[in-house]
Amino acid sequence: MRPMSLPIATESQEQRALFQWAALQAGRHPELALLHHIPNGGSRGKAEAARFKAEGVRAGVPDICLPVPRGEHHGLYIELKRKFRSRISQEQAWWMEELARQGYCVAVCKGWEEAARVIIEYLERGTTDA
């Protein structure tokens, strides 16, 4: 008999878990109140997709932004992925490369736990790097 495997969390479930974790950490790191999701993904009808594109939605922009400077970085962008069977698109790779060139810290994180670790490491750098 094969052991039963648990379902893999969706990207949406991972993201909700991350924001629940951030709310619990707000006392320790008040800057987490600025953490936000950039709603560029998802399925849309053609009319809604065209309207969003005209309003400035851009394919590939990372999912999460923490607009808090640390060291030489202006802020942190995270592309949050499922823990398994996930990869970044060409558009996402392009955005991450360009954001890094502009002085942002960027990361691809598989699962909310990895994203939480990246956020804590980023915040605990202090305001200047030695």
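How far apart are the mean positions of the positive and negative charges of the protein chain? I looked this up and found 8 Å, for 18 positive and 16 negative charges. Lys and Arg count as positive and Asp and Glu as negative, with His and the chain ends not counted. I took the place of a charge as NZ of Lys, CZ of Arg, CG of Asp or CD of Glu.

**Ground rules.** I am working from a predicted model, in which local features need pLDDT of at least 70, side-chain atom pairs count only at pLDDT 80 or more, and totals for chains, interfaces and linings use all residues. Residues are numbered from 1 along each chain as its sequence is written, and side-chain values use heavy atoms, with hydrogens and water left out.

**Whole chain.** I noted four helices and four strands in the protein chain. Their order along the sequence is α-β-α-β-β-α-β-α. Helices (H or I, at least four residues) and strands (E, at least two) are DSSP runs, numbered from the N terminus. The C-alpha trace spans about 50 × 50 × 25 Å along its principal axes. I read an accessible surface of about 8600 Å² for the protein chain, with 55% of it belonging to carbon and sulfur atoms. Such areas come from the Shrake-Rupley method with a 1.4 Å probe, and for residues only the protein chains shown count as cover. Of the 130 residues, 35% are buried (buried is under 20% relative accessible area, exposed over 50%, partly exposed in between; 1.4 Å probe, protein chains only). Among contacts (heavy atoms within 4.5 Å) with a separation of 6 or more, 72% join residues 24 or more positions apart.

**Helix H4.** I checked the span of H4, residues 112-123. Its end C-alpha atoms are 16 Å apart, which agrees with the 16 Å that twelve residues should span at 1.5 Å a residue (the expected span is 1.5 Å times one less than the number of residues). I listed its buried residues as Ala115, Ala116, Val118, Ile119, Ile120, Tyr122 and Leu123. They pack against helix H1 (11-25) and strands E2 (64-66), E3 (76-81) and E4 (105-110).

**Helix H3.** H3, residues 90-101, also went on the list. Its twelve residues reach 17 Å from first C-alpha to last, close to the 16 Å expected. Which residues of H3 are buried? I found Gln92, Met96 and Leu99. Seen down the axis of H3, these fall within an arc of 65°, so they line one face of the helix; the arc is that of the directions from the helix axis to the C-beta atoms. Their cover includes E3 and E4. The face turned away from the buried side carries exposed Gln90 and Arg101. Gly103 follows H3 and has a positive phi, near 100°.

**Glu79.** I placed Glu79 in strand E3. Is Glu79 buried or exposed? Glu79 counts as buried because its relative accessibility is 1%. Its contacts, leaving out residues up to four places away in sequence, include Glu11, Gln92, Met96 and Cys109.

**Arg85.** Arg85 lies in the loop between E3 and H3. Arg85 is exposed, at 72% relative accessible area. I noted its positive phi, near 55°. Most residues other than glycine have a negative phi.

**Phe19.** I found Phe19 in helix H1. At 25% relative accessibility, Phe19 counts as partly exposed. Beyond four places in sequence, Phe19 touches Leu35, His36, His37 and Ile64. Phe19 and Leu32, 13 residues apart in sequence, are 9.2 Å apart from C-alpha to C-alpha.
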